[in-house]
Amino acid sequence: MTPSTYTVTGHWIGGETVAGTAGTIPVVNPATGEVVAETPAGTAADVDRAVAAARAAFPAWAATAPQHRAGVLRRLGAGLAARQEEIAQAITAEMGSPIGMSRTAQVAFPAAVVESVAGLADDFAWTEEVGNSLIVREPIGVVGAITPWNFPLQQIVSKLAPALLAGNTMVFKPSENAPLTARILAEVAADAGVPAGVLNVVYGTGAVVGEAISAHPDIDMISFTGSTRAGRRIGAVAAETVKRVALELGGKGANIILDDADLPEAVNRGLMMAFSNGGQVCGAWPRMLVPATRQDEVVALAVEAAKQYTVGDPTDEATRIGPMASEAHREKVVGYIERGVTDGARLVFGGPDRPEGLPTGAYVQPTIFADVDPTAPIAQEEIFGPVLTIIPYADEEDAVAIANGTPYGLTSGVFGEPEHALAIARRLRVGQVDVNAGHWNPLAPFGGYKQSGNGREFGRFGLEEFLETKSIQR
């Protein structure tokens, strides 16, 4: 596709394009360094206009039946599926996700989420009787949504679908690094029957637009996915107006491989969960915890498997790891790899040098360290790149302590005899654990403990985040 394909001419407010007034922000293809689009640099005044549109649209949308809203969502999901290739190409261009992954995880998963949320309408307890009280669940109002660049469509759909089913309206700020799918989503939503003003998109930076959304007195709730640092700021700003805040933040997932695990399966799956999307996944497992007596076995398996993770042009069907989402992020990831070497971890694959044959672009070698100290920065801090740290443990008590020993608590994996692995999973202080590569379930709650955030997404748990509860005594 040519860069002109991705032209974004303005914000989407009240069902129409609204020109920006404060300059533009370039969107850079991290594989080539080319500017592929420009979006408006939004202002607080743009946020005011979007909030006014959302507030005006709220009463009529909230008054519709949940079944009507579910029908709109199903049409929205079908519209996304119909534009799958266009969306996939845009995501690959704006943040470097390999095209195969863009077509599946980046586009197909959001369509599945929309369908799963729409399916909640009939069976959800919108009202219930408790003694002499009628309990009524009502939309919270205007939702401000702020999303990151790593899964541009998935992250907003995970918020938009339950928010709309609940009867809310929304003001949405996409990441300035990956904003292209936001306009496609707005167009698909309008075609699906989402009324003007129910979904509004304001482009811009977190420091300007994100801050204005978080502070706005007419926004009733903030739903944010991104870094823990940014989440702290949003929580502090939103507290001034005592609005509800749902935060899905960073992670440092552990993959605990027990002594009775199927070792090749555990290592292969664990590597995939560390390197998928270039490791730019909050729910990744960048720490692989292994019995100390079997570390050499695990290292040999991991190194051999890592050779299959081809780095290169994200538009090539054979590529498994594309560029990092930006040059600045590449430098951050490389800095962590250099820190791991300096701190004495054993480098067994990859390293800080550019991948062979890729002298330009935001590319990083997939990297594996062994004999990693669990307190080292590369084992404690969110690198958000294709860096796996193999950490030996003495016994299961040690493994659980290491797994729980970071500020984060989003995801983890456990491999071993099923009941044994389940017992370990119950001891982990995280919001989601996969036992022996359990299948993704769009109805299961997703969210974190500790500094990985609060609130849940997906299924009825995600729907409940966007509802107020009223008690009527009779």
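Me: Happy to start with a helix. Which residues in helix 6 are buried?

Reply: A word first: this is a predicted model. In helix 6, the buried residues are Leu180, Thr181, Ala182, Arg183, Ile184, Leu185, Ala186, Val188, Ala189 and Ala192. That makes 10 of its 13 residues, so the helix is mostly covered, with buried meaning under 20% relative accessible area.

Me: How far does helix 6 reach from its first C-alpha to its last?

Reply: Helix 6 covers residues 180-192 and reaches 19 Å, close to the 18 Å expected at 1.5 Å a residue.

Me: Now for the packing. Which residues have the most contacts inside the largest nonpolar core?

Reply: The general idea is that nonpolar side chains tend to be buried together in soluble globular proteins. Here the largest nonpolar core has 69 residues, and Leu76, Leu165, Met170 and Leu185 have the most contacts inside it. Helix 5 (residues 152-166) gives the most to this core, with nine residues. Apart from it lies another core, of 31 residues, which includes Leu289, Ala345, Ala425 and Leu428.

Me: Leu185 came up in helix 6 too. Which residues is Leu185 in contact with, leaving aside neighbours within four places in sequence?

Reply: Leu185 is in contact with Leu76, Leu80, Leu153, Ile156, Val157, Leu160 and Leu199.

Me: Let's turn to charges. How many salt bridges does the structure hold?

Reply: In general, side chains of opposite charge can pair when their charged atoms come close. This structure holds 23 salt bridges.

Me: Which residue forms a salt bridge with Arg244, and what parts of the chain does the pair tie together?

Reply: The partner of Arg244 is Glu468, with the closest N and O atoms 3.2 Å apart. Arg244 sits in strand 11 (residues 244-248) and Glu468 in strand 20 (residues 467-473), so the pair ties together parts that are 224 residues apart in sequence. Arg244 counts as partly exposed because its relative accessibility is 27%, and Glu468 is partly exposed too, at 37%.

Me: Which residue does Arg103 pair with in a salt bridge?

Reply: Arg103 forms a salt bridge with Glu85, and the closest N and O atoms are 2.8 Å apart. This pair links helix 4 (residues 99-118), which holds Arg103, to helix 3 (residues 84-95), which holds Glu85, and the two residues are 18 residues apart. Arg103 is partly exposed at 23% relative accessibility, and Glu85 is partly exposed at 35%.

Me: Back to strand 11. In which sense does strand 10 pair with strand 11, parallel or antiparallel?

Reply: Strand 10 (residues 221-225) and strand 11 pair in the parallel sense, over five bridges. Within that pairing, Ser223 stands opposite Ala246 in strand 11. Between the two strands, the chain passes through helix 8 (residues 228-239), and this β-α-β crossover is right-handed.

Me: How many bridges join strand 11 to strand 19?

Reply: Two bridges join strand 11 to strand 19 (residues 453-454), and these strands run antiparallel. There, Leu247 stands opposite Asn454 in strand 19.

Terms used:
Residues numbered from 1 in each chain as written. Predicted model: local features only at pLDDT ≥ 70, side-chain atom pairs only at ≥ 80, totals over all residues. Heavy atoms only, no water. Helix = DSSP H or I, 4+ residues; strand = E, 2+ residues; numbered from the N terminus. Expected span 1.5 Å × (residues − 1). Buried < 20%, exposed > 50% of the residue type's maximum accessible area, 1.4 Å probe, protein only. Core = buried A, V, L, I, M, F, W, Y, C linked by side-chain atoms within 4.5 Å. Contact = heavy atoms within 4.5 Å. Salt bridge = Lys/Arg side-chain N within 4 Å of Asp/Glu carboxyl O. Pairing = 2+ DSSP bridges. Right-handed = clockwise from strand over helix to strand, strands pointing away.
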